[in-house]
Amino acid sequence: MSEELLINVNPRETRIALIENGVLQEIFIERANKRGLVSNIFKGRVSRVLPGMQAAFVDIGLERAAFLHASDIAPTLRSAGSGPATPDERMKADPDSTDRVLPRSLARESRPVPNINELVTEGQEILVQVIKDPIGSKGARLTTHLSIPSRYLVYMPEADMVGVSQRIEDEQERVRLRDLVGELMQQSGRHRQAVSAGEGVTALRPHATTDGYIVRTASEGAPYEVIWADMQFLHALWDSLQRRARTIATPGMVHEDLPLVIRTMRELTRTEVEKVRIDSWETHRRVMDFTERFMPELSPRIEHYPGERPIFDLYGVDDELQKALEQRVQLKSGGHLVIDQTEAMTTIDVNTGAYVGHRNLEETIFKTNLEATQAIARQLRLRNLGGIIIVDFIDMQQEEHKRLVLRSLEKSLARDHTKTHISDVSPLGLVQMTRKRTRESIGQILCMTCPTCEGSGTVKTAETVCYEIFREILREARQFETERLLVLASQDVVDKLVDEESTAFLELEEFIGKPITVQVEPLYTQEQYDVVLM
């Protein structure tokens, strides 16, 4: 499978499209006034401790306080005897891991967590890292398990472990890398002891006596020298972060992750990416400088796109992006999906639509569900849908069909680098799944809540509004003395009043004994109206 990256850069917005075999699969958007916060490190102050939730709110300088759960607090900040971090907590910083893990709520139950009052206190200053951007009404999600990624390694201060990316499948290579990093850790430890002798100790976090690393996929086949250089770079960066943390005011940002384009290059390890096209000469030069220094094998695949035709028009990216904002997704067979995203969860309904099949009903349903699994996997990546996802497949009678559909969904999600967990098909034909959510979906980035329906997705009919107006007229006429009344409403409501509801309108006028006039207000929505006493 061939892949291509298209990078569209404007002064205030950067967009990156991942194309697989000519089809848009993922899109990433970063705007200058709303950059993502994931992986940024802050010096924060605990503003409130909530024992009932085993959590605390931390002021890191954002509009809303960020959320820190007790299970996301590193062992160095816990009381003695609280135990080490769970494997999930240690490995969650690995962007290369493809393991399907349990939801974090279940992972917390695997071991006891000390009471939040024993871990932090109000007013305490701590170093925290953002693991989820603010989404909707929810603030950012934090952890004190700090991790700093580079090209070949992810550095975790005080983690005291070495992990190897699950994508490196060769066992001999895994052993080689683990032994190599272990040897370099010993050398690095002796080197850092000599360098840091006499250095003060920060009150925010003790100076690391042990380090932890996750060996990334890009390290496969990498020689000693590049791993050592990466480790030294990470140590120098961590030391500079500690010095900055001691001097900046609270709250404040200690470390900001790389911009989207450079971050994408850093994470780029897949050999399938044949070409990276960039339509900005300045950004192209910056990317070339980065790749020639850290990943020279990628440089020949990067090219500047000078064409007058917009780069996203090459594969119809903008058209596909527009479709990704729609509720309905059409299937090639004639069936369709209906996707509803809410704050609590996302639901996906599978329908046969115009597809009637050729054999029997069960076969028609089975083929529609199979086709839907591929479309669902693509839409989850394209729309960046996360959290709890419920898929309502069309009811199947045969257990073998249910098994094959679930297997097809798992296979279709295999190329999704965001962690997912899928349950079995329920008796109602529902599949429950979770997909890790760290940033806003495409819909949340590009759209806003409708000011008319305020997110409900519906508005009152003109007929309903007419009857509300009738009741309001009766209420006003009984309470106040007036010579006549004026109704201000939208064009559709006024048309309804003087046409289909004209008889009822005249009867009401006769009943209250006062004339009623109507007037169109062009700026009113269908649900807005006023009854004015004249």
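**Charged pairs and a helix contact**

Glu282 and Arg286 form a salt bridge, with their closest N and O atoms 3.2 Å apart. The model you are looking at is predicted. Both residues belong to helix H7 and sit 4 residues apart, about one turn of the helix. Glu282 is partly exposed at 46% relative accessibility, and Arg286 is also partly exposed, at 40%.

Let's stay with Arg286, as this residue also takes part in a helix contact. Helix H6 (residues 260-267) packs against H7 (residues 281-294) at an angle of about 35°, the axes being 10 Å apart. Their crossing is right-handed. On the H6 side you will find Val261, Ile262, Met265 and Arg266, which meet Thr283, Arg286, Val287, Phe290 and Thr291 of H7. Sorted by class, this contact has 5 nonpolar, 2 polar and 2 charged residues.

Now to the salt bridges elsewhere: the structure holds 26. One of them joins Glu3 to Arg415, with the closest N and O atoms 2.4 Å apart. Glu3 lies in strand S1 and Arg415 in the loop between helix H10 and strand S20, so this pair ties together parts that are 412 residues apart in sequence. Glu3 is buried, at 2% relative accessible area, whereas Arg415 is partly exposed, at 27%. Another salt bridge links Glu500 and Lys496, at 2.9 Å between the closest N and O atoms; here Glu500 is exposed, with a relative accessible area of 56%.

What about a charge without such a partner? Asp230, in helix H5, is buried yet has no salt bridge, and the nearest side chain of opposite charge, Arg216, is 7.3 Å away. Asp230 does touch Ser150, Arg151, Tyr152 and Leu153, leaving aside residues up to four places away in sequence.

Technical notes. Residues numbered from 1 in each chain as written. Predicted model: local features only at pLDDT ≥ 70, side-chain atom pairs only at ≥ 80, totals over all residues. Heavy atoms only, no water. Axes fitted to C-alpha atoms, helices over the stretch in contact; angles between N-to-C directions. Helix = DSSP H or I, 4+ residues; strand = E, 2+ residues; numbered from the N terminus. Left-handed = near helix turned anticlockwise from the far one by under 90°. Contact = heavy atoms within 4.5 Å. Nonpolar A, V, L, I, M, F, W, Y, C, P; charged D, E, K, R; others polar. Buried < 20%, exposed > 50% of the residue type's maximum accessible area, 1.4 Å probe, protein only. Lys, Arg positive; Asp, Glu negative; His and termini not counted. Salt bridge = Lys/Arg side-chain N within 4 Å of Asp/Glu carboxyl O.
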